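This briefing walks through selected helix contacts, single residues and the overall layout of a predicted model. Please keep the structure open alongside the text while reading.

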2 protein chains.
Amino acid sequence: MKLTDSTTESSILEAAKHVFVFKGFEGARMQEIADEAGINKALLHYYFRSKDKLFEAVFIDAFVKFVPTILITLNSNSPLFRKIEVFVDHYIELLSKNPFIPGFILHELSRNSERLSKIMRTVGLNPDPFSEQVLAEISAGSINPIDPRELIVNLLALCIFPFVGKPILKIVLFKNNEEEYAEFLNKRKQAAAQFIINSIKKA
Amino acid sequence: MKLTDSTTESSILEAAKHVFVFKGFEGARMQEIADEAGINKALLHYYFRSKDKLFEAVFIDAFVKFVPTILITLNSNSPLFRKIEVFVDHYIELLSKNPFIPGFILHELSRNSERLSKIMRTVGLNPDPFSEQVLAEISAGSINPIDPRELIVNLLALCIFPFVGKPILKIVLFKNNEEEYAEFLNKRKQAAAQFIINSIKKA
DNA sequence: TTTTGATTTAACTGTGTAGTTAAACCAGAC
DNA sequence: GTCTGGTTTAACTACACAGTTAAATCAAAA
């Protein structure tokens, strides 16, 4: 017998991801997902029984791809400044290739934050190792004192905000010029890291 | 004759704002808005002919309340560091009172960025005065060199991200403790400003 | 008292959408 | 050749929702 063709399932997931990410759960249409996957609605329900189930699969996929990688980098064992540079560079690079994922995740989380608790149980996310490294550097007197959580939020904010705020930033700061904005994002890999390091390094 | 009761119109707008902000355009229901405004669906359409028109009114209202105030503060004539402190303090305060507005605006803008161009024509937003102030300080040698646009993005990112990212930050960094997160936001008024100033001030 | 406009009621239209169903088709496995 | 499971087709149900309509009510203004 023909085994379940995994390309069908993955092409559904890919199509669903595309539609859900751009239109959100409420705005997405099962028909549109089927069309984009090159199949029909019946087969869509044959693979994923409901819109909710399909969305769940897409969301978890996007979430797992983006959120845990954050802390994996931060919990490696590199010197702090180097770690910040690598993190900002890698994360902005990842976001540049998937610019609509953060907005999608943030919006769907605020639409249903219950979902989050469920996912968090499966995905371990522990900021403590990084926090301890920061505290150690402070004790050693090599950086200015700062709440490690402030530093984490700042790291994330400086990387993610240029993407979720792109529509308005592009207009207000770059006269809607796409190339200039892309260039800005590219320079930002250096600039954001430098901005953070400047702020915490001892005078 | 009884004049159009402006309380009805404003209670509709208030209800609509509440529903649209929490559920988004697609997720919002006209019936729910009518219920929340204490009226019926027929009267809702009597005042605002369509869902689109009602949404437009709500969105412009939210947008005008939040976006231009940003640059008004930044274009005042205070010394740079003082300006940064005041901006961060005022903006985080404003956001604390309306924590769901930024997510709403960002999401709806990415859902329909055409809307933005239309609004932008009515709302003047010019970052140049602030940029010139920054460039002047750099020339005078009183701060480290930085692209003024980077600085603007950083200012906004550090203020806004804690609100749009609240669901996940609260869980990962604060074990879902609401009070601790509120306290964090409050401390952040000082911390974020200090973080920025530390970064740009000459050693 | 008459007029006018705000407001309600309740039923209705039309449409879009998720999900179902049944029959048929097709290709590889046995 | 038959069986099996992925796949299509096309029609269908059931429902939710935006928007409409018409008639009635009510309160204030004239």
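In this predicted model, helices α5(B) and α11(B), the latter covering residues 178-200 of chain B, pack at an angle of about 150°, with their axes 9 Å apart. That angle makes α5(B) roughly antiparallel to α11(B), and α5(B) passes α11(B) in a right-handed crossing.

**Helix packing in chain B**

- On the side of α5(B), the contact with α11(B) is made by Leu80(B), Phe81(B), Ile84(B), Glu85(B), Val88(B), Asp89(B), Ile92(B) and Glu93(B).
- From α11(B), the residues that take part in this contact are Leu185(B), Arg188(B), Lys189(B), Ala192(B), Ala193(B), Ile196(B), Ile197(B) and Ile200(B).
- Sorted by class, the residues of the contact of α5(B) with α11(B) comprise 11 nonpolar, no polar and five charged.
- Helix α10(B), which runs over residues 166-174, also meets α11(B), and here the two axes come within 10 Å and cross at roughly 105°.
- In the contact of α10(B) with α11(B), four residues are nonpolar, none is polar and four are charged.

**Glu180(B), a residue with a contact in chain A**

- Glu180(B) is found in helix α11 of chain B, and because its relative accessibility is 39%, Glu180(B) counts as partly exposed.
- When neighbours within four places in sequence are left aside, Glu180(B) is in contact with Arg149(A) and with Phe174(B).
- Between Glu180(B) and Ala157(B) there are 23 residues of sequence separation, and their C-alpha atoms are 21 Å apart in space.

**Other single residues of chain B**

- Asn98(B) lies in the loop between α5 (80-97) and α6 (101-111) of chain B, and this loop residue counts as buried because its relative accessibility is 14%, below the 20% cut-off.
- The contacts of Asn98(B), not counting residues up to four places away in sequence, are with Lys65(B) and Phe66(B).
- Glu36(B) lies in helix α2 of chain B, which spans residues 30-37, and with a relative accessible area of 39% Glu36(B) is partly exposed.
- Once residues up to four places away in sequence are set aside, Glu36(B) touches Ala15(B), His18(B) and Val19(B).
- Glu36(B) and Ser139(B) are 103 residues apart in sequence, and the distance between them in space is 55 Å, taken from C-alpha to C-alpha.

**Helix packing in chain A**

- Helix α9(A), residues 148-164, and helix α11(A), residues 178-200, have axes that come within 10 Å and cross at roughly 165°.
- This angle makes α9(A) roughly antiparallel to α11(A), and the crossing of the two helices is right-handed.
- In α9(A), the residues that meet α11(A) are Leu151(A), Leu155(A), Leu158(A), Pro162(A) and Phe163(A).
- Their counterparts in α11(A) are Tyr181(A), Leu185(A), Arg188(A), Ala192(A), Phe195(A), Ile196(A) and Ile200(A).
- The residues of the contact of α9(A) with α11(A) divide into 11 nonpolar, no polar and one charged.

**The buried side of helix α2 in chain A**

- Within helix α2(A), residues 30-37, the buried residues are Met30(A), Ile33(A), Ala34(A) and Ala37(A).
- These residues are on the same side of α2(A) because they cover an arc of only 100° around the axis.
- Gly38(A), whose phi is positive and near 75°, follows α2(A).

**Overall layout of chain A**

- Chain A has 11 helices and zero strands.
- The C-alpha trace of chain A spans about 65 × 45 × 30 Å along its principal axes.
- Of the 203 residues in chain A, 49% count as buried.
- Among the contacts in chain A that link residues at least 6 apart in sequence, 69% join residues at least 24 apart.

Key
Residues numbered from 1 in each chain as written. Chains lettered and ligands numbered in written order. Predicted model: local features only at pLDDT ≥ 70, side-chain atom pairs only at ≥ 80, totals over all residues. Heavy atoms only, no water. Buried < 20%, exposed > 50% of the residue type's maximum accessible area, 1.4 Å probe, protein only. Helix = DSSP H or I, 4+ residues; strand = E, 2+ residues; numbered from the N terminus. Arc of directions from axis to C-beta. Axes fitted to C-alpha atoms, helices over the stretch in contact; angles between N-to-C directions. Parallel < 35°, antiparallel > 145°, perpendicular 65-115°, else oblique. Left-handed = near helix turned anticlockwise from the far one by under 90°. Contact = heavy atoms within 4.5 Å. Nonpolar A, V, L, I, M, F, W, Y, C, P; charged D, E, K, R; others polar.
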